[in-house]
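Here is a short tour of one protein model. Keep the sequence and the 3D view open as you read.

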Amino acid sequence: MSTNDERDDVADTEEPVLDEVIDLAEYASRGVKPPKAKAYRIRVNRDPFVFEVPNPTREQILQKAGLVPVEQWTLRLKLHGGAFDRIEPNERVDLTRPGVEKFKALPNDQTEG
């Protein structure tokens with residue numbers, strides 16, 4: 001295979017980036033993997049926030065939601081179908097992962113109920 005053929009193969013496999021803000025809950029409800037986009041709209045405790053990176057940290061999500069100091073909060077990712085994943089300190093969240101629906105943040109001294 002020549003060098004040009006290799007470049008063509010790489011170009012064919014790259015996913016285009018949409019020049020828009022996409023709502024992750026919409027894609028999760030349809031059971032579709034969200035495309036790469038300029039920005040992603042997520043919900044934290046029902047409030048919408050836009051991220052221009054596809055993999056924000058737990059701390060970035062909590063800060064943007066105004067939940068500071070971040071050490072005093074627990075963050076969980078709700079997936080389509082009802083499952084929750086706890087997001088650990090310094091952990092990055094892949095917003096392009098299929099099923100990402102919304103986030104639930106609770107003070108560390110409170111439990112879900």
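## A buried threonine

Thr96 counts as buried because its relative accessibility is 12%, where buried means under 20% relative accessible area, exposed means over 50% and partly exposed lies in between (1.4 Å probe, protein chains only). This is a predicted model: local features need pLDDT of at least 70, side-chain atom pairs count only at pLDDT 80 or more, and totals for chains, interfaces and linings use all residues. Residues are numbered from 1 along each chain as its sequence is written, and side-chain values use heavy atoms, with hydrogens and water left out.

Thr96 sits in the loop between S5 and S6. Such labels come from DSSP runs, numbered from the N terminus: helices are H or I with at least four residues, strands are E with at least two. Not counting residues up to four places away in sequence, Thr96 touches Lys33, Pro34, Tyr40 and Pro54. Contact here means heavy atoms within 4.5 Å. The side chain of Thr96 also has a polar contact of 2.5 Å with the side chain of Asp94. A polar contact is a pair of N or O atoms within 3.5 Å; within protein, one must be able to donate a hydrogen and the other to accept it, and residues adjacent in sequence count only if both atoms are side-chain atoms.

Thr96 and Tyr27 are 69 residues apart in sequence, yet their C-alpha atoms are 9.8 Å apart in space.

## A buried lysine

Lys78 belongs to strand S4 (residues 73-79). Is Lys78 buried or exposed? Lys78 counts as buried, because its relative accessibility is 16%. Its side chain makes a polar contact of 2.7 Å with the side chain of Glu101. Leaving aside neighbours within four places in sequence, the contacts of Lys78 include Ala83, Phe84 and Gly99.

## Charges over rings

Two charged side chains lie over ring faces. The test asks for NZ of Lys or CZ of Arg within 6 Å of the ring centre and within 35 degrees of the ring normal.

| Charged residue | Ring | Distance from ring centre |
|---|---|---|
| Arg30 | Tyr27 | 4.6 Å |
| Lys64 | Phe51 | 4.7 Å |

## Backbone angles

Most residues other than glycine have a negative phi, and most peptide bonds are trans. Arg46 has a positive phi, near 80°. Arg46 lies in the loop between strand S2 (37-44) and strand S3 (47-51), and is exposed, with a relative accessible area of 77%. Asn90 has a positive phi too, near 65°. Its relative accessible area is 64%, so Asn90 is exposed. The peptide bond from Val68 to Pro69 is cis, with omega near -5°.

## Hairpin and core

S2 and S3 form a hairpin with two residues between them. They pair in the antiparallel sense over five bridges; two strands pair if DSSP finds at least two bridges between them. Val44 has Asp47 in S3 as its bridge partner.

Val44 is also part of the largest nonpolar core. Of its 23 residues, Ile42, Val44, Ile61, Leu95 and Phe103 touch the most other members. Helix H2 (24-30), S2, S3, H3, S4 and S6 each supply at least two residues of this core. A nonpolar core is a set of buried Ala, Val, Leu, Ile, Met, Phe, Trp, Tyr and Cys residues joined through side-chain atoms within 4.5 Å. In soluble globular proteins, nonpolar side chains tend to be buried together.
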